There are 2 protein chains.
Amino acid sequence: MGVIVQKYGGTSVGTLERIEAVAERVKKTRAQGHDVVVVVSAMSGETNRLIAMAKDLDADASRREMDVLVSTGEQVTIALLTIALLKAGVDAVSMTGDQMRMKTDSSHSKARILDVETDNIQNHFKAGKVVVVAGFQGRDENNNITTLGRGGSDTSAVAVAAALKADECQIYTDVDGVYTTDPRVVPQARRLETITFEEMLEMASLGAKVLQIRSVEFAGKYNVPLRVLSSFKEGEGTLISYEEASMESPVVSGIAFNRDEARLTISGVPDIPSIAAQILSPIGEAGIDVDMIVQNTLGDGKADFTFTVHRDDYRRATELLNQVAQEVGAREVQGNEFIAKVSIVGVGMWNHPGVAKTMFEVLGSENINMHQISTSEIKVSVLIDEKYLELGVRALHTAFGLDAEPQEEK
Amino acid sequence: MGVIVQKYGGTSVGTLERIEAVAERVKKTRAQGHDVVVVVSAMSGETNRLIAMAKDLDADASRREMDVLVSTGEQVTIALLTIALLKAGVDAVSMTGDQMRMKTDSSHSKARILDVETDNIQNHFKAGKVVVVAGFQGRDENNNITTLGRGGSDTSAVAVAAALKADECQIYTDVDGVYTTDPRVVPQARRLETITFEEMLEMASLGAKVLQIRSVEFAGKYNVPLRVLSSFKEGEGTLISYEEASMESPVVSGIAFNRDEARLTISGVPDIPSIAAQILSPIGEAGIDVDMIVQNTLGDGKADFTFTVHRDDYRRATELLNQVAQEVGAREVQGNEFIAKVSIVGVGMWNHPGVAKTMFEVLGSENINMHQISTSEIKVSVLIDEKYLELGVRALHTAFGLDAEPQEEK
């Protein structure tokens, strides 16, 4: 008996049949005596359909009007799910972002939540109703429609759960939890029963796209118990815990990786304090995110400067870097478009200094060359050629004892 | 230099190309120096698409949730049209029903407008913007989404025009005005430059479906100058005037007709005062609209009772009437499923008593039998067999001098 917030993404509500299946799942939770808020996304494909229409009219369409447009996607889903719930005998009511007073700032298409009023939801709880809420959308102080950006429904769910002090915020998705690594790469990957908040942040930021990283940060800030589950398969999913890691925590919890990296090096730049800013400013101004930066002094008053970008930004970043090279009198610009990042993640790592060494040995024994290394308290990341990605991830997964015990088919 | 409200229906905004054409038309009006509010419907097909999804889940879906669902249709259009206007260089902003504070009662799917606040629109006017408003939708006092029912966008437009004291409310549709009769039946039908409010009500209620009758009543109540124009063709359309008819008004302004009528007669019922109520109550309770009622006393304490219904309601009405017949001891129930109603309409008619006689003579000379006649100050209606409809309408159109002069092609 408590308050449960359940969030269903676009795939989970992608057809009328799936909406009916969601209604049945909500009905079960309701039958356990919980008050339930359901946060939904647009049906899969719907947001893209709407955006395509707008882009046909104007490739650079007004962001205010784009928000008016795409916010209809979630509104369709709340109505359909509520109709399905009522049909299934569950008393329910839908609420748009403005009806639940989801207040955001005015950054159209990437608004930040400022406040959620829960009076309306609480009143519906008192009347015995399940409340079906549109994710992703809110209103700014001037009553303009805003959206939180792609994946924002996760953040909506966490915000509602925080405001209601919910017992659990359950994120239903098309995977049944957080895995030690991507099961498509390593068939022996195991579902984790729990993962710490910090580990989840690293896994999410490194391409294990189970949850939107913003929603995880948000949940951490407000201490919302977050659980990732499958819409399509029964199971306990993975609980993201905010407790201190116990002494028994495994050293490495998971292997994260990111395939779409590219690496750029500008060689022979003047070794002066302002050089990093000079090199990176034009890149940042072009809206390109930079990751894993290394500056290597050569001793002759010159230095090499290396960083990674998303592969989609590689060409643009190369152009900009060639301009910088002329301006600062660098020797040359080199790049590698086919780089992958592999990381071992685990809160138990910081007091096991041998972990990084093991990682390097494992990769070395497979003849995988590391281009770059970076470390933090709970992860070690290396850059390798993309073609070695699967080999490296599988070797590390086995070496750190993450492979699942052979199981009987359920 | 004034305030113009333009309303574009679903066909006029049915594709992205048409939305761009509407933007061009709005741009022209704006270039004339007017403040412009544009009221739009959902893109044609969209409302039906949404309803079909809901009905798949529950044939008897919650009317509150249906309103949440279908109101997204207009929201999509306001965003797309505003994007098209901005692209065309016209400063514009969209408003949903709640943003413009379109207040209605709580009758979901057929709500009545209570009030429209114009502060928000006026502020956008001051900022030099065209305001694009979602028709058809509003909010009740508890902030629930409501809709005005099919065709309600016309009523929205008139309500906004009335609240703004607009100089004109222009209803853009797929016909270029109000015609003397349906040009598909009578190729010589002429567009009327003006039509009186009363005549328009009769034409609309008799099946000339250019404007929703509620919007005409609403315009009359608030004295809103209403003009019907084509979205696809330049022209002046037809202005609905609220002035007294002049002495020079034509006797008959138009021929209206309604094809989908059915006629029912219950014979030999007791000739007592309560009998009409006894017969019609079950019909009314079943939600069936009844038209053209005649009670004919036979002189033996018995009477015949005849009325018309929409053809779609014929079977159900017959079943109900057979039950009534048993209860009141009537002799028999008869019916005719293929009846049409033809009416001549004109404010000049009341002081030309020979008009009805002419009508009967014209129909008689074509050997068209009249089953029933009803008259009012500005119309005469007759019921005839549907198969004679075209013949009768053409003969009347010619006889009352409504045929267009042969014109050169434009």
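How much area is buried between chain B and chain A, and what share of that area do carbon and sulfur atoms give? The area buried between the two chains is about 3200 Å², and carbon and sulfur atoms give 63% of it; buried area is the accessible area (1.4 Å probe) that two parts lose on being put together, summed over both. Leu57(B), Glu65(B) and Ile83(B) supply 22% of the area that chain B buries against chain A, more than any other three residues.

The model is predicted: local features need pLDDT of at least 70, side-chain atom pairs count only at pLDDT 80 or more, and totals for chains, interfaces and linings use all residues. Side-chain values use heavy atoms, with hydrogens and water left out; residues are numbered from 1 along each chain as its sequence is written, and chains are lettered from A and ligands numbered from 1 in the order in which they are written.

The contact (heavy atoms within 4.5 Å) takes 40 residues from chain B and 39 residues from chain A. Because 98% of the interface residues of chain B are also interface residues in chain A, the copies meet through the same surface. Between the chains there are 6 salt bridges, each a side-chain nitrogen of Lys or Arg within 4 Å of a carboxyl oxygen of Asp or Glu. Asp98(B) forms a salt bridge with Arg139(A), with the closest N and O atoms 3.0 Å apart.
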